[in-house]
Amino acid sequence: MSDAFRPASDFLNLLIERGFLHQCSDLEGLDQKAKSGDLTAYIGFDCTAASLHVGSLVQIMMLRWLQKTGGKPVALMGGGTTRVGDPSGKDESRKVLTLETIAANKDGIKQVFSRFLTFGDGKTDAVMPDNAEWLASLNYIDFLRDVGRHFSVNRMLAMDSVKMRLEREHELSFLEFNYMCLQAYDFVELHKRYGCVLQMGGSDQWGNIVTGIDLGRRMGTSQLYALTSPLLTTASGAKMGKTAQGAVWLDAAMLPVFDYWQYWRNCEDGDVGRFLKLFTELPLEEIARLAALEGAEINEAKKILATEATAMVHGRQAALEAAETARKTFEEGTLGETLPAVAVEKAEVEAGLGVLTAFMKAGLVASTGEARRQIKGGGLKINDKAVEDEKAMVGLGDFTDGVAKLSLGRKKHVLLKL
């Protein structure tokens with residue numbers, strides 16, 4: 001981006017100030033389009049899981065800010081492209097999913113978007129088409145003749161998503177090789193149907209997006225634009241949205257609200273300011289104040305980040321309850337009522353429930369071997385008391401009002417409920 005360029009549109013100004021912008025095909029042209037109040041943009045989301053996770057939040061927030069600044073967001077569901085598989089950033093072919101699984105996943109993803117965007121028939125209301133609407137009915141010969149002739153195999157082979165697989169000698173199926181053609185065609189189709197002129201995505205999608213711009217030019221569309229966000233890593237270089245326990249899902253059925261709150265509360269000091277800009281709607285002046293806190297005070301900023309980010313996904317009430325649970329658990333040492341809970345039969349406890357089994361049942365360890373290692377290091381606790389004997393049993397005496405608290409380290413807690 002040129003140092004001399006200063007956006008006139010609220011949309012681009014906001015994306016730049018809050019750290020969403022990585023690359024853009026034509027900043028000046030896109031800025032004028034956004035300023036005109038007639039900007040429709042899309043981001044595609046394949047239906048590979050029952051929900052989205054934190055790794056998709058940057059893109060979701062970009063669509064949200066687009067709508068809040070007067071643009072029309074298109075959240076494209078990849079019911080068609082999910083059947084093919086995007087090779088970008090992957091060493092292996094994606095597992096083939098059934099149509100029923102794809103449909104169920106799409107329903108779960110819709111629930112996430114309902115919290116971030118306003119859908120309807122108005123000028124700036126969001127829409128959620130499915131590319132299966134046009135891809136599933138394509139005639140292969142017609143598609144090759146009308147669309148495929150515009151693609152250069154030489155250029156396709158030079159794309160990072162393809163080149164990486166070939167250089168590492170990992171198999172790239174002909175099915176996956178077609179993905180960029182289908183994504184490019186999506187852009188052209190969305191321009192026809194909704195007047196969509198901008199595709200946004202993570203920086204790993206740049207090649208696919210500009211291929212869509214080129215296809216649009218060859219097929220006679222008006223000017224199209226590309227905009228990507230930086231691929232996020234934490235201050236220590238770890239990938240966003242992944243923990244030792246797995247993905248940080250945006251669905252409370254897949255990750256309890258308290259665990260989601262804790263994910264943000266436990267972020268690295270160096271990430272606080274950046275994450276507040278990207279994942280909350282706090283004013284930039286307030287974010288600057290919070291990011292400047294040092295020492296123990298930075299923990300207050302982390303709590304605000306956790307509550308604000310959780311409120312965006314799960315609602316303000318759930319976020320406040322998670323914050324209160326954390327306060328009781330970590331600051332007062334009492335039992336937080338909204339900690340994740342796992343039910344256990346009273347008869348199972350009476351018959352003899354071993355600590356290794358109990359911690360596996362609670363999902364705090366993946367195996368008895370891991371539980372044994374944690375016990376040796378003093379990492380497992382029942383009601384805040386360290387477990388010292390791997391052959392110990394969880395008895396009825398460990399339950400107060402039908403509840404026992406199991407802990408892994410200082411920050412992972414699960415209630416065992418009779």
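## Buried residues in helix α2

A residue counts as buried when its relative accessible area is under 20%. With that in mind, let's look at this predicted model, starting at helix α2, which covers residues 27-35. Which residues of α2 are buried? They are Leu-27, Gly-29, Leu-30, Asp-31 and Ala-34.

These buried residues have several neighbours to pack against: α1 (10-18), β1 (23-24), β4 (198-202) and β5 (225-229). Just after the helix comes Gly-37, whose phi is positive, at about 80°.

## Two helices side by side

Two packed helices are described by the angle between their axes and the distance between the axes. The crossing of α13 past α15 is left-handed.

Which residues make this contact? From α13 come Val-272, Phe-275, Leu-276 and Phe-279, and they meet Ile-298, Ala-301, Lys-302, Leu-305, Ala-309 and Met-312 of α15. Sorted by type, the contact has nine nonpolar residues, one charged residue and no polar ones.

## Pairs of opposite charge

Side chains of opposite charge can pair when their charged atoms come close. How many salt bridges does a search of the whole structure find? The search finds 21.

One of them joins the side chains of Lys-106 and Asp-130, at 2.8 Å from N to O. This pair links distant parts of the chain, 24 residues apart: Lys-106 sits in helix α4 (residues 99-113), while Asp-130 lies in the loop between α4 and α5 (132-135).

Another salt bridge connects Asp-146 with Arg-145, at 2.9 Å from N to O. Here Asp-146 is partly exposed, with 35% relative accessibility.

Arg-193 and Glu-189 also meet in a salt bridge, at 3.0 Å from N to O. Both belong to helix α10 (residues 179-194), and because they are four residues apart, about one helical turn separates them.

Terms used
Residues are numbered from 1 along each chain as its sequence is written. This is a predicted model: local features need pLDDT of at least 70, side-chain atom pairs count only at pLDDT 80 or more; totals for chains, interfaces and linings use all residues. Side-chain values use heavy atoms; hydrogens and water are left out. A crossing is left-handed if the near helix is turned anticlockwise from the far one by less than a right angle, and right-handed if clockwise. Helices (H or I, at least four residues) and strands (E, at least two) are DSSP runs, numbered from the N terminus. Contact means heavy atoms within 4.5 Å. Ala, Val, Leu, Ile, Met, Phe, Trp, Tyr, Cys and Pro count as nonpolar, Asp, Glu, Lys and Arg as charged, and the others, Gly among them, as polar. Buried means under 20% relative accessible area, exposed over 50%, partly exposed in between (1.4 Å probe, protein chains only). A salt bridge is a side-chain nitrogen of Lys or Arg within 4 Å of a carboxyl oxygen of Asp or Glu.
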